[in-house]
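Dear colleague,

Please open it first, and then read the notes below beside it.

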Amino acid sequence: EPLQPPLLAGTEEAYSTLEYVALNCTTMNTEYIPRVSWLINDRPAHSSYVRQVNQRTVGLVFQARDDYFQRGVITVSCVTSLGNKHVKATQVQLPNRSYLSAQEYYHNAGQKKTGSGCPLAALLILKCFYYSLVSLL
């Protein structure tokens, strides 16, 4: 049986600073049990964050500190391995809730969306463009 990518579960849509992240990583292999490890931002997770749930599942619990968020996300990887040659990983990015809010604010030019789903600034530009075209005809 070839080494299978691990199943990563427990992610939420976004996290606030100091909120707890609780994830589980389960090996999908049935003939043997590979080693399971965790990476946070491509570095091994601190051993105090790692919890053995059962023979096939290893948990990760940590607080989403400000310094973990890099460009608004924490990258977490669950890695299963058999020796050094056989390695599979599943990676997830955990976005910072306030970073997402700021991104949406700037994306919408600081305006709330209108019913059409377009930012107000974009609607004004389209309206000006329309009147410019009409005046040319």
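The torsion about the S-S bond of Cys-25 and Cys-78 is about -65°, so this disulfide is left-handed. The sulfur atoms of Cys-25 and Cys-78 lie 1.5 Å apart, where a disulfide is taken to be a pair of cysteine sulfur atoms within 2.5 Å, and by this rule the count comes to one disulfide. In general, a disulfide is a covalent bond between the sulfur atoms of two cysteines.

Before going further, please keep in mind that this is a predicted model, in which local features need pLDDT of at least 70 and side-chain atom pairs count only at pLDDT 80 or more, while totals for chains, interfaces and linings use all residues. Residues are numbered from 1 along each chain as its sequence is written, and side-chain values use heavy atoms, with hydrogens and water left out.

Cys-25 belongs to strand β2 (residues 20–26) and Cys-78 to strand β7, so the pair ties together parts that are 53 residues apart in sequence. Strands (E, at least two residues) are DSSP runs, numbered from the N terminus. Cys-25 counts as buried, at 0% relative accessibility, and Cys-78 is likewise buried at 0%; buried means under 20% relative accessible area, exposed over 50%, and partly exposed in between, with a 1.4 Å probe and protein chains only.

Next comes the sheet. Four strands make an open sheet in the order β4-β3-β7-β8, with antiparallel pairing, where two strands pair if DSSP finds at least two bridges between them. Its edge strands, each pairing on one side only, are β4 (43–44) and β8 (86–95). Strand β3 (residues 35–40) pairs with β4 over two bridges, and Leu-39 has Pro-44 in β4 as its bridge partner. Strand β7 (residues 73–82) is joined to β8 by 10 bridges, with Ala-89 in β8 as the bridge partner of Val-79. The hairpin of β7 and β8 has three residues between the strands, and there Gly-83 takes a positive phi near 70°.

Finally, which residues does Gly-72 contact, leaving aside its neighbours within four places in sequence? They are Leu-94, Pro-95, Asn-96 and Tyr-99, contact meaning heavy atoms within 4.5 Å. Gly-72 lies in the loop between β6 (57–63) and β7, and counts as buried at 8% relative accessibility. Although Gly-72 and Asn-96 are 24 residues apart in sequence, their C-alpha atoms are 5.3 Å apart in space.
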